[in-house]
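Here are some questions on a fold and its aromatic rings. Take a look at the model before reading on.

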Amino acid sequence: MSYTFLARFRVKSDHDAEFVDLIDAMEANAKDEPKTLEYKFYRLDDSGGFAVFESFSDESGDQEHRDNPANAPIIERMIGCMEDGYEREFLLPVRKA
């Protein structure tokens, strides 16, 4: 079963442009990760709100994504742009395979 969630967060208004500039690099890196199934950022319809949809083949894929040396400096900068961290909302299949 995949390990899938939506992470929601707010970006400081004075860091919006910096955060948006980092998105392309994170999405590009995710394409090269063998256990990453989907990885896509979205802007929410409220001011400063963002979400990232993340789906991995299993929980270890999420850990490998976070441990990817190419991602570490980008993740650090992204977290620095956020107001209060992020909240994960896990998504489960409607029916078991």
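**Rings and strands**

Phe19 is buried, at a relative accessible area of 0% (buried means under 20%, exposed over 50%, partly exposed in between; 1.4 Å probe, protein chains only). This is a predicted model: local features need pLDDT of at least 70, side-chain atom pairs count only at pLDDT 80 or more, and totals for chains, interfaces and linings use all residues. Residues are numbered from 1 along each chain as its sequence is written, and side-chain values use heavy atoms, without hydrogens and water.

Q: Is Phe41 buried or exposed?
A: Its relative accessible area is 8%. That makes Phe41 buried.

Q: Which class does the ring pair of Phe19 and Phe41 fall in?
A: Rings of Phe, Tyr and Trp (its six-membered ring) pair if their centres lie within 6.5 Å; planes under 30 degrees apart count as stacked, over 60 as edge-to-face and the rest as tilted. The structure holds nine aromatic pairs. For Phe19 and Phe41, the centres are 5.9 Å apart and the planes stand at 80°, so the pair is edge-to-face.

Q: How many residues apart in sequence are the parts tied together by Phe19 and Phe41?
A: Helices (H or I, at least four residues) and strands (E, at least two) are DSSP runs, numbered from the N terminus. Phe19 lies in helix H1 and Phe41 in strand S2, so the pair ties together parts separated by 22 residues.

Q: What is the strand order in the open sheet?
A: Two strands pair if DSSP finds at least two bridges between them. Four strands take part, and the pairing is antiparallel. The order is S2-S3-S1-S4.
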